[in-house]
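Let's take a walk through this protein together.

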Amino acid sequence: MIRFFAAVLILLAALCISATAQDVALAQKSVVKDALSYGLVVDNSGSFRTLLDKVIAAVSDVVEENQAEDEAFLVTFVDTPKIVLRQDFTYKKSELHDAAQNMFVEGGQTAILDAVKSAADYLEQNAKPDPGRMRALVLVTDGEDRASETKMEDLLKILKAGNIRVFVIAMSDGKVITKIIDRLAKETGGAVVTPKRGTDVSAAAKQIALAMRTK
């Protein structure tokens, strides 16, 4: 009887190892090495006053995962007049890090959809046209849109036509408003990550960086 149970345990262990190896193999197959063109679209409204250091850290952690052929740009936004291209497309991580460090919080009514549209237009007009190059936007926000003129349906058409996926790092010192960000991510094939604590920010950023390369 003891020998029987020992044999069963060995068999179960072998099956677990096999399943784990299979999961790893599938994960590796889903991650592509194609170059990436993406934009960082970062909420700088007053609600981020106490979170600015974490926002900067999140942006910097995403950038740090860039590969040699990747290009990225940085847009900050509050209301529509305060949508600003802080750093145009660059392969240099240092330029993106500097732009992130220079972000600052301003007052105004947040316009998420207008900012995403502005970033999508820039991406469409300026991204490298290499075959296979992937396109994405990384949106950092609490999800509360108070002033956009852009309609969700119109924005989704632009994003889908440009094969632009939206990935969201949802952050708030209160409650994240999920309606807009969930739809942007879901309908473009992106994802939403919500770090719960300061220590989760780096992990969330790396998760988004990996997700952008996953088909």
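The side chains of Ser45 and Asp43 are joined by a polar contact of 2.7 Å. A polar contact here is a pair of N or O atoms within 3.5 Å; within protein, one must be able to donate a hydrogen and the other to accept it, and residues adjacent in sequence count only if both atoms are side-chain atoms. You will find Ser45 in the loop between strand 1 (36-43) and helix 2 (52-64). Helices (H or I, at least four residues) and strands (E, at least two) are DSSP runs, numbered from the N terminus. Ser45 counts as buried because its relative accessibility is 1%; buried means under 20% relative accessible area, exposed over 50%, and partly exposed in between (1.4 Å probe, protein chains only). Leaving aside residues up to four places away in sequence, Ser45 touches Phe77, Val78, Val105, Glu106 and Thr110, where contact means heavy atoms within 4.5 Å.

A word on what you are looking at: this is a predicted model, in which local features need pLDDT of at least 70 and side-chain atom pairs count only at pLDDT 80 or more, while totals for chains, interfaces and linings use all residues. Residues are numbered from 1 along each chain as its sequence is written, and side-chain values use heavy atoms, with hydrogens and water left out.

Now move on to Thr90, which sits in strand 3 (residues 84-90). Thr90 is buried, at 7% relative accessible area, and its side chain makes a polar contact of 2.6 Å with the side chain of Glu95. Beyond residues up to four places away in sequence, Thr90 touches Asp70, Glu71, Ala72, Glu95 and Leu96.

How do helix 2 and helix 3 pack? Helix 2 and helix 3 (residues 93-101) meet at an angle of about 170 degrees, and their axes are 9 Å apart. Axes are lines fitted to C-alpha atoms, for helices over the stretch in contact, and angles run from 0 to 180 degrees between N-to-C directions. Helix 2 is therefore roughly antiparallel to helix 3, a term for angles over 145 degrees. Helix 2 brings Ile56, Val59, Ser60, Val63 and Glu64 to the contact, and helix 3 brings Lys93, Leu96, His97, Ala100 and Gln101.

Met103 lies in the loop between helix 3 and helix 4. It is buried, with a relative accessible area of 5%. Among the residues that Met103 touches, not counting those up to four places away in sequence, are Val42, Leu52, Ile56 and Leu74. The C-alpha atoms of Met103 and Asp53 are separated by 9.7 Å, although the two residues are 50 apart along the chain.

Which residues of helix 6 are buried? In helix 6 (residues 179-188), they are Ile180, Ile181, Leu184, Ala185 and Thr188. Seen down the helix axis, these buried residues fall within an arc of 120 degrees, so they line one face of helix 6; the arc is that of the directions from the helix axis to the C-beta atoms. On the other side of helix 6, Lys179 and Lys186 are exposed. The cover over the buried residues includes helix 4 (112-126) and strand 4 (134-141).

Finally, step back to the protein chain, which has seven helices and six strands. Buried residues make up 44% of its 215 residues.

Terms used
Parallel < 35°, antiparallel > 145°, perpendicular 65-115°, else oblique.
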